[in-house]
10 protein chains.
Amino acid sequence: MNKITIDETTRDDATAMILRAKKRAGQSWQQLADAIGMSPVWLHSAATGMNGFPEEKARALAALLGLPDSVIEPLTDSPLKVWDQAVPTDPCIYRLYEIVGVYGPTVKALINEEFGNGIMSAIDFSMHLEREPHPKGDRVRLTMSGKYLPYANW
Amino acid sequence: MNKITIDETTRDDATAMILRAKKRAGQSWQQLADAIGMSPVWLHSAATGMNGFPEEKARALAALLGLPDSVIEPLTDSPLKVWDQAVPTDPCIYRLYEIVGVYGPTVKALINEEFGNGIMSAIDFSMHLEREPHPKGDRVRLTMSGKYLPYANW
Amino acid sequence: MNKITIDETTRDDATAMILRAKKRAGQSWQQLADAIGMSPVWLHSAATGMNGFPEEKARALAALLGLPDSVIEPLTDSPLKVWDQAVPTDPCIYRLYEIVGVYGPTVKALINEEFGNGIMSAIDFSMHLEREPHPKGDRVRLTMSGKYLPYANW
Amino acid sequence: MNKITIDETTRDDATAMILRAKKRAGQSWQQLADAIGMSPVWLHSAATGMNGFPEEKARALAALLGLPDSVIEPLTDSPLKVWDQAVPTDPCIYRLYEIVGVYGPTVKALINEEFGNGIMSAIDFSMHLEREPHPKGDRVRLTMSGKYLPYANW
Amino acid sequence: MNKITIDETTRDDATAMILRAKKRAGQSWQQLADAIGMSPVWLHSAATGMNGFPEEKARALAALLGLPDSVIEPLTDSPLKVWDQAVPTDPCIYRLYEIVGVYGPTVKALINEEFGNGIMSAIDFSMHLEREPHPKGDRVRLTMSGKYLPYANW
Amino acid sequence: MNKITIDETTRDDATAMILRAKKRAGQSWQQLADAIGMSPVWLHSAATGMNGFPEEKARALAALLGLPDSVIEPLTDSPLKVWDQAVPTDPCIYRLYEIVGVYGPTVKALINEEFGNGIMSAIDFSMHLEREPHPKGDRVRLTMSGKYLPYANW
Amino acid sequence: MNKITIDETTRDDATAMILRAKKRAGQSWQQLADAIGMSPVWLHSAATGMNGFPEEKARALAALLGLPDSVIEPLTDSPLKVWDQAVPTDPCIYRLYEIVGVYGPTVKALINEEFGNGIMSAIDFSMHLEREPHPKGDRVRLTMSGKYLPYANW
Amino acid sequence: MNKITIDETTRDDATAMILRAKKRAGQSWQQLADAIGMSPVWLHSAATGMNGFPEEKARALAALLGLPDSVIEPLTDSPLKVWDQAVPTDPCIYRLYEIVGVYGPTVKALINEEFGNGIMSAIDFSMHLEREPHPKGDRVRLTMSGKYLPYANW
Amino acid sequence: MNKITIDETTRDDATAMILRAKKRAGQSWQQLADAIGMSPVWLHSAATGMNGFPEEKARALAALLGLPDSVIEPLTDSPLKVWDQAVPTDPCIYRLYEIVGVYGPTVKALINEEFGNGIMSAIDFSMHLEREPHPKGDRVRLTMSGKYLPYANW
Amino acid sequence: MNKITIDETTRDDATAMILRAKKRAGQSWQQLADAIGMSPVWLHSAATGMNGFPEEKARALAALLGLPDSVIEPLTDSPLKVWDQAVPTDPCIYRLYEIVGVYGPTVKALINEEFGNGIMSAIDFSMHLEREPHPKGDRVRLTMSGKYLPYANW
């Protein structure tokens with residue numbers, strides 16, 4: 001029905017505006033994250049549609065980057081998390097997938113041994129990425145922290 | 001050809017023997033790992049066929065658990081890393097897969113920003129799992145460290 | 001390596017023994033569940049390898065059905081939850097899958113509206129199945145209860 | 001053939017108009033559902049193209065939200081129910097899928113024991129979602145009710 | 001656990017015994033079906049594990065074919081309906097799949113036009129197969145009859 | 001290449017024009033089919049691009065619905081039969097798929113017993129859909145008729 | 001149920017016996033085919049379970065190769081045609097798959113232009129394979145012949 | 001970047017222009033192929049983007065159909081051969097796929113017996129389609145000819 | 001949100017501009033690669049979005065082909081490497097896939113025997129393609145060189 | 001049919017015997033290959049069932065490793081090349097798959113530019129693996145050589 005003009009700012013519009021403004025501002029994710037008081041992992045995922053912003057953080061980011069108020073609402077919606085590739089092809093992301101394939105059963109066994117019959121939450125969860133200096137070449141350090149959730153019995 | 005008797009110890013035999021002996025010994029992966037001087041993540045993955053043992057570590061484990069020498073050779077082979085489920089179903093392992101789906105592009109973006117055009121190695125790689133005490137419920141902390149590998153240009 | 005005799009009771013053995021003993025005893029899942037003080041949904045899933053028993057419940061069930069003590073240990077292990085069919089074919093199970101396909105986005109939207117940006121836990125979770133008498137034909141009532149888990153921001 | 005102007009309101013147009021009008025009106029699904037005398041689960045699924053409206057309910061909703069009469073017809077069509085992801089990726093929806101994988105065989109076994117050889121209908125079916133207050137954190141309660149359908153023999 | 005002797009008759013055993021006894025008896029599915037008062041489509045599907053027998057029909061078939069009483073119980077269980085090939089390869093079965101692909105949307109449209117918003121049940125369902133004599137070559141006539149089930153609104 | 005104006009009527013245009021004109025005319029598929037002397041199953045499938053029209057039937061339909069002559073040619077082309085979902089999700093179509101999964105091997109066995117080693121054609125094929133009145137609720141009756149094709153030996 | 005001894009010759013047994021006897025006899029498929037008056041393509045496919053033998057051909061082959069009478073019945077059954085790899089991996093078979101991918105639409109277009117709206121039958125079908133001498137290297141010539149089947153209109 | 005006007009003729013443009021001009025000219029593929037001295041199978045595949053034209057053949061076709069010179073270049077490019085459906089759904093193309101599934105292993109066995117360890121090339125390859133008159137209904141005859149390629153040993 | 005004009009040069013724009021300018025300039029990949037001091041394999045992959053340019057190489061290429069400065073930035077971004085076909089269909093690319101299927105385990109075995117438990121890097125990697133003159137027909141020679149990466153133990 | 005004793009040496013038996021004898025002999029693939037005058041890549045692939053041996057090479061290997069004559073025949077058969085994982089999981093093999101995904105279109109483009117419209121053969125093909133000493137860590141060098149095959153036009 002092309003008589004109706006869709007003039008709202010969508011989630012994708014908001015993402016595009018953030019990426020463009022960030023480039024113009026010459027700021028890194030780390031700098032933006034520091035400025036609004038969040039971590040860069042969370043900020044990037046929220047800015048690209050994999051997490052929802054609390055309203056004050058959306059406002060802070062919009063103010064920082066000079067974005068119109070119309071981005072606030074879509075940024076605070078709870079986004080539908082969708083990915084297309086069951087097995088990712090980009091080498092940087094595939095290596096993470098490979099780690100899950102190789103070490104997934106090990107993580108399960110050690111959680112069960114240390115905590116009991118349960119899992120690490122991916123919801124009550126945070127992740128940080130750091131540079132780990134090393135004489136033979138610096139390393140990427142990824143730290144994940146998720147609440148232990150025991151299975152209910154009833 | 002059933003005239004030939006297959007009497008060698010296979011990788012699967014070695015794994016089964018380790019699991020049985022570990023249960024009888026009442027030892028945790030942490031305890032076994034401490035005893036042979038490796039980390040529990042590595043030990044579990046190597047014991048269950050996802051990594052190959054250096055010979056001295058295979059000997060140390062065999063001695064510790066009272067296993068026959070015939071397990072040494074299969075434990076030191078370079079194992080074929082195979083997993084059947086492109087998308088894992090066990091909730092504890094699926095959550096890791098979900099983290100890759102949700103945060104994979106974020107990890108790539110931050111590595112590129114911090115290090116340049118490259119990836120985190122999954123080969124020159126290590127991982128540790130710890131309990132993180134927390135007043136609202138303890139947490140699982142997973143720390144991954146992989147060498148940064150820049151893409152070659154030629 | 002066929003020189004080693006595997007003589008332990010496996011998870012599958014334990015399941016087979018429970019099903020056989022249940023049939024001989026002429027007991028329903030409801031009756032067994034009442035006898036050990038659990039719900040029938042949980043008991044069936046634990047008996048068929050989709051949940052782990054607390055030790056006292058495993059002992060109670062073994063005693064009730066006259067099973068040997070060797071079933072206790074495998075029943076208390078944290079089982080690897082595996083299913084083969086990404087889309088189930090059995091009509092009774094497919095209908096549940098269809099409900100997720102049709103109403104999944106609705107459940108997400110209503111949880112987000114009522115609770116905020118989060119999910120219903122499938123770990124801190126319970127389910128009951130009841131007969132709902134109805135003049136035009138009795139109905140199956142399934143009640144699920146899962147803890148609301150808000151997404152962390154960090 | 002671009003000589004023909006397509007000027008009808010489609011199902012997707014109707015959905016977009018409802019979502020926009022709902023946002024402007026600041027009404028929740030619960031409020032809209034109460035106003036037209038349906039449940040919020042049904043209303044959301046019908047508004048987003050997974051169920052067809054009875055004409056009077058379509059008219060009531062259009063009147064309530066100030067939508068043009070042209071939305072009535074597409075809302076009353078029997079929609080083609082299509083979903084793209086055989087395994088959903090959004091965590092909130094995936095958890096429902098996981099529940100089917102883990103507890104599907106249990107639901108089948110208990111229906112068979114309680115009712116006989118048959119299934120729970122997903123057509124003569126309803127679902128409700130409620131907040132379940134709980135001292136350790138409120139819970140989501142999903143109640144499904146489907147007519148028991150016995151297999152025909154002939 | 002190989003100390004336990006599994007000596008019960010399984011569903012697969014029962015099927016194998018029926019097929020063997022049928023061959024020895026030189027009876028067609030039509031003849032067996034007439035003898036126990038069921039249709040051949042139903043009998044074949046029940047004999048090969050896709051439907052459950054009412055007890056008296058299982059007894060009648062066992063008596064007719066001289067099978068031991070141990071087949072009764074597995075034949076009356078509600079079978080798990082499983083097929084491996086999402087797209088069947090056997091040409092005779094594939095043609096049916098092709099008919100669903102080509103005419104499925106047509107069947108939906110005509111049911112909706114004739115009956116309203118609903119479906120044809122595959123549970124309250126029967127099917128017959130007959131020879132249709134024809135001068136240019138006899139034809140296979142398949143007749144399906146399923147109860148119309150209207151979607152519930154709630 | 002946007003210098004060339006594509007001004008022909010495509011198959012999709014023709015389908016869209018038929019559906020629109022049918023709605024305006026307030027005619028059912030049964031009525032249109034009677035008017036041009038074909039069955040409604042065939043007419044719907046041909047109108048929506050799953051069968052090709054003989055020219056006189058395309059002309060008759062165009063005349064009946066007041067469509068331009070430009071629809072004749074695309075309607076008489078042999079269409080490429082394409083469907084996207086190997087396993088259909090719409091419940092009304094899925095039930096047909098389920099019937100093939102459950103009863104496919106039975107249909108094969110009975111065709112082989114009645115006719116010999118061969119199949120039912122899906123090309124020299126027709127299908128009808130009727131309402132079957134029934135005191136417990138009317139039923140959908142689908143009748144398929146396909147030529148028996150014996151396998152060649154050579 | 002291991003009390004029942006399965007002592008019939010299966011289809012797989014018959015295939016294995018034919019392959020072994022053929023090797024011992026040092027006969028090619030061409031020679032065997034000539035001896036029983038069939039073509040080698042058909043004979044190989046029937047011997048390996050992709051076609052059913054007429055009884056006299058099964059008897060002729062059994063006599064020729066000195067096989068017991070028990071192979072006659074399984075060879076004359078209508079076999080279930082099953083293949084595991086939707087996309088074959090063996091290079092010799094993959095090339096045929098590739099030809100279908102590249103030239104399939106062309107074959108359809110030319111059949112439609114030459115014959116009308118229909119297909120080439122894969123049931124009333126035969127195929128021959130010959131050596132085609134060529135100065136730059138001999139060629140494989142595959143000739144397929146299938147009855148043209150026009151789509152029915154009804 | 002919408003400041004750049006893409007004004008070149010693409011491969012798809014060339015295909016569309018050929019199909020339109022062919023329809024207007026009322027020529028069959030056979031007639032066009034004869035006119036430019038190629039076979040109709042090759043011409044159709046090259047015209048629809050599955051083969052590349054030698055320049056003189058592209059010029060001849062363009063002249064014959066009155067197409068602008070801008071089609072020459074895209075027609076002579078080496079096209080990327082892509083098909084979307086691993087298992088084709090159109091019945092006319094599926095039957096070819098089915099032939100590969102049923103007779104693929106037979107073709108391999110007979111090539112190996114007649115030629116040795118190798119394959120039939122799909123690159124040094126040609127195919128022809130003819131009408132084969134037959135009293136019981138004309139047949140489609142497909143003849144494929146591919147160079148025998150022996151596996152290298154090194 | 002169509003109020004915002006996207007006027008940046010994207011990666012796809014840059015690729016399209018390079019391909020067009022290359023064609024007009026009548027230069028081969030080898031010639032362009034020589035001119036900017038890189039290899040043709042790397043240049044093609046970087047130009048088509050599978051590798052990122054160092055800034056000076058992007059500037060050199062832009063200068064060489066007369067492209068605007070706006071292409072520099074997108075060419076130097078770290079591209080997301082995505083491919084759609086898990087199994088490629090184009091014959092030239094499929095043959096490479098086939099080589100991995102046939103010789104992959106061999107490459108692994110020989111790397112393990114020669115170097116130890118590790119892999120060949122696909123990141124610290126280069127590849128060259130050359131013509132290898134041969135009396136029976138010239139050959140394509142592909143040379144790959146990747147750093148050996150030993151698995152870490154920890 | 002368990003009355004027939006299968007006493008022939010299969011392809012899998014032959015592979016197992018070679019691997020065992022090689023281990024006992026303490027020989028590398030390079031040493032074995034040198035001894036029979038073949039390359040190690042070819043020998044490993046032929047020994048593990050991905051290529052067929054010429055008879056004299058099979059005899060030479062059997063003599064070298066002290067294997068019975070019964071291995072000759074299966075080693076000289078043309079093996080069916082089958083792999084299970086469309087996307088390999090082992091990191092060493094996956095990296096090769098990744099190279100095809102990233103550089104496949106590049107290889108095609110450069111072959112087309114250098115040779116014309118054609119491919120590199122995977123049949124008239126050879127591959128070598130070498131150690132490439134390097135100050136920053138030795139490298140694996142893979143060299144592939146395949147005959148250029150031009151597409152036929154006809």
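This is a predicted model: local features need pLDDT of at least 70, side-chain atom pairs count only at pLDDT 80 or more; totals for chains, interfaces and linings use all residues.
Local features require pLDDT of at least 70 and side-chain atom pairs count only at pLDDT 80 or more, whereas totals for chains, interfaces and linings use all residues. Residues are numbered from 1 along each chain as its sequence is written, and chains are lettered from A and ligands numbered from 1 in the order in which they are written.

Chain A is divided into domain 1 (11-76) and domain 2 (91-150), with bounds from an automatic or database domain assignment. A distance of 26 Å separates the C-alpha centres of domain 1 and domain 2 of chain A.

Eight residues of chain H and seven residues of chain I make up the contact, where residues are in contact if their C-beta atoms, placed from the backbone, lie within 7 Å. Chain D and chain H, in contrast, do not touch, and their nearest C-alpha atoms are 14 Å apart. Chain B and chain F do not touch either, with nearest C-alpha atoms 19 Å apart.

An open sheet of four strands has the order β1(A)-β2(A)-β2(B)-β1(B), with antiparallel pairing. Strands (E, at least two residues) and helices (H or I, at least four) are DSSP runs numbered from the N terminus, and two strands pair if DSSP finds at least two bridges between them. β1 (118-132) of chain A and β1 (118-132) of chain B are the edge strands, each with a single partner strand, so one side of each has no neighbour in the sheet. Within chain A, 11 bridges join β1(A) to the antiparallel β2 (residues 139-150). A:Phe125 has A:Gly146 in β2(A) as its bridge partner.

In chain F, 11 bridges likewise join β1 (residues 118-132) to β2(F), and the two run antiparallel. F:Glu132 is bridged to F:Arg139 in β2(F). Six residues lie between the strands of this hairpin, in which F:Gly137 takes a positive phi near 125 degrees. β2(F) also pairs with β2 (residues 139-150) of chain E, in the antiparallel sense and over nine bridges; here E:Gly146 stands opposite F:Val140. Of the 12 residues of β2(F), nine are buried (20 or more other C-beta atoms, placed from the backbone, within 10 Å of the residue's own).

Terms used: Two residues are in contact if their C-beta atoms, placed from the backbone, lie within 7 Å.
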